[in-house]
Amino acid sequence: MALSCSRNRYLLLMAQEHLEFRLPEIKSLLSLFGGQFTSNQEIYGKSPFWILSIPSEDIARNLMKRTVCAKSIFELWGHGKSPEELYSSLKNYPVEKMVPFLHSDSTYKIKIHTFNKTLTQEEKVKRIDIADGQRELIESYSVKKRHFIGNTSMDAGLSFIMANHGKVKENDIVFDPFVGTGGLLIASAHFGAYVCGTDIDYNTVHGLGKASRKNQKWRGPDENIRANLRQYGLEKYYLDVLVSDASKPSWRKGTYFDAIITDPPYGIRESTRRTGSQKEIPKGIEKCPESHVPVSLSYHLSDMFFDLLNFAAETLVLGGRLVYWLPVYTPEYTEEMVPWHPCLQLISNCEQKLSSHTSRRLITMEKVKTFENRDQYSHLLSDHFLPYQGHNSFREKYFSGVTKRIAKEEKCSQE
Amino acid sequence: MKLLTHNLLSSHVRGVGPRGFPLRLQATEVRINPVEFNPEFVARMIPKVEWAALLEAADTLHLVEVPKEPIEGYEHDEKFLKKMHHVLLEVDVLEGTLQCPESGRLFPISRGIPNMLLSDEETET
């Protein structure tokens, strides 16, 4: 009994950031490589030490080639709460498995990791390195170094986590309907997917207009999405970007995308828009008369998420994933507010705090049912629809919180 | 704009529905962009292609050596895949227009980027 338990067990050393995002990332990647998530450890919570059973070393290696949440992986030979327990646990580990590492000319070292200085080490492991995770990706793809950024460019680590939640793999087609400066596409392209995107903002897609990096006035000719991919040697994965309204997509009927990975506008730093019937042309567009942006309708956030889910249900391949950020006013958040669709199954929901009363949640969904036209209207019948309305007032609530705080601070400084 | 993308685009002008495909292509500037050949990716795209629309667009651009249809066993036919790779991914329309076949509405392409925006009156509800 003890023997079979100790076979194929690995210890993962996890990075201590984006805590909530780690478990869905590891689960998604294991599923991508043909493994299944099983474990003896019940609570992961804040611990950096995870024990997993992985059916083969190949799967473990593939996992480490992709993960940004795990730092290293080790074959687990024994563990225990005391040196005596550890010793007897090690004695039970099959000797045949140790033999490849016990040549007289091979060396080993013992490293001790602790978590929370108040604890003495809970586990010691004989360390045989298998692989280290992909955390150096975060540094090489850091937004600071990227040529073309916008106001809301995503932190590099999170963009890789999103691609992993999306189970992006080589030769996939990944689409971003709110592509902005293309930051999310870079992570997918890095994992070998071909990428495309749309955005309603003509200037952003073309790389024109005010630059978002401090001290820069205009975006140069090397600032656009294609140039960003070129900077990282990923230009061959660039398919196309289009100027388009995500609420009025221009794709012919069919399923094309293996993953849709996006960060829709929340209406705070970038405005939420869609094309409307008013003829008023916004300032700054005079330079590009052909951009034809008769835009001024504010896009209700709940409509936007509904459109996004419908779009995903229609255009994703079966088994394809939608990964997106949902802004939330924390005091009123309930799980029922997470948008729902009959064709999409909720896989994970991870929170990242933005401020004292707002956060955003990374939602991952998987298409499990073929889209039929009548699914478009099912939301009207569902009582899930009503809580969506809360998203519409996200902008008001965000700003009301800020203005109240400013008023309070001014009052305090006057006293 | 690559021909793979053109093959997936449709007009969403109100009332047009499936007759909005394919968009009629007019190009004033085209560039051939070498892209690294990836046979697995090209093979994955073949089932998604609407062949008549592709041939029409290729014809407009005066492309030669365009396969007329997918051949049996195409997944392993490197010659076939290389030709498809060139047509789908290496031909880039930089300037031109896409026209809705039903309504005649024009969508401009500039710097390789199509602009599909319409006003509310023009689009489906």
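How many salt bridges does the count give between domain 1 of chain A and domain 2 of chain A?

Mentor: The count between domain 1 of chain A and domain 2 of chain A is zero salt bridges. Please keep in mind throughout that this is a predicted model.

Let us begin with the two domains themselves. The domain assignment of chain A places residues 8-126 in domain 1, while domain 2 is made of the segments 137-277, 293-382 and 389-400. Between them, these two domains of chain A bury about 1500 Å², and 63% of that area lies on carbon and sulfur atoms. On the side of domain 1 of chain A, the residues that lose the most area to domain 2 of chain A are Phe21(A), Arg66(A) and Val68(A), which together account for 43% of what that side buries. Although salt bridges between the two domains number zero, eight residue pairs are in polar contact between domain 1 of chain A and domain 2 of chain A, both residues of each pair being at pLDDT 80 or more. Helix α2 (residues 19-32) of chain A gives the most to the side of domain 1 that touches domain 2, with eight residues. The residues of that side of domain 1 of chain A divide into six nonpolar, four polar and four charged.

His18(A) lies in the loop between β1 (9-14) and α2 of chain A. Its phi is near 50 degrees, a positive value in a residue other than glycine. Because Glu57(A) and Arg61(A) are four residues apart in helix α3 (residues 57-66) of chain A, about one helical turn separates them. Side chains of opposite charge can pair when their charged atoms come close. Over all chains, the structure holds 16 salt bridges.

In chain A there is also a strand pair to consider. Strand β12 (residues 344-353) and strand β13 (residues 358-367) of chain A pair in the antiparallel sense over nine bridges. A hairpin of four residues joins β12(A) to β13(A). As one example of the pairing, Gln352(A) has Arg360(A) in β13(A) as its bridge partner.

We may now turn to the meeting of the two chains. Here 40 residues of chain B are in contact with 37 residues of chain A. Chain B and chain A bury about 3200 Å² between them, with 54% of it on carbon and sulfur atoms. Of the area that chain B buries against chain A, 20% is supplied by Leu8(B), Ile113(B) and Leu117(B), more than by any other three residues.

Between chain B and chain A the count is four salt bridges. One salt bridge joins the side chains of Asp258(A) and Arg44(B), at 2.9 Å from N to O. On the side of chain B that touches chain A, at least two residues each come from α1 (3-8), α2 (39-45), β3 (106-110) and β4 (113-114) of chain B. The residues of this side of chain B divide into 16 nonpolar, 11 polar and 13 charged.

Finally, the fold of chain B deserves attention. Chain B has an open sheet of four strands in the order β1-β2-β3-β4, with antiparallel pairing. In that sheet, β1 (24-32) and β4 of chain B stand at the edges with a single partner strand each, so one side of each is left without a neighbour in the sheet. Strand β1(B) is joined by eight bridges to strand β2 (residues 91-99) of chain B, and the two run antiparallel. Within this pairing, Arg24(B) stands opposite Gln99(B) in β2(B). The loop between α1 and β1 of chain B holds Pro22(B). The peptide bond from Phe21(B) to Pro22(B) is cis, with omega near -5 degrees.

Note on methods: Residues are numbered from 1 along each chain as its sequence is written. Chains are lettered from A and ligands numbered from 1 in the order in which they are written. This is a predicted model: local features need pLDDT of at least 70, side-chain atom pairs count only at pLDDT 80 or more; totals for chains, interfaces and linings use all residues. Side-chain values use heavy atoms; hydrogens and water are left out. Contact means heavy atoms within 4.5 Å. Buried area is the accessible area (1.4 Å probe) that two parts lose on being put together, summed over both. Ala, Val, Leu, Ile, Met, Phe, Trp, Tyr, Cys and Pro count as nonpolar, Asp, Glu, Lys and Arg as charged, and the others, Gly among them, as polar. Domain bounds come from an automatic or database domain assignment. A polar contact is a pair of N or O atoms within 3.5 Å; within protein, one must be able to donate a hydrogen and the other to accept it, and residues adjacent in sequence count only if both atoms are side-chain atoms. Two strands pair if DSSP finds at least two bridges between them.
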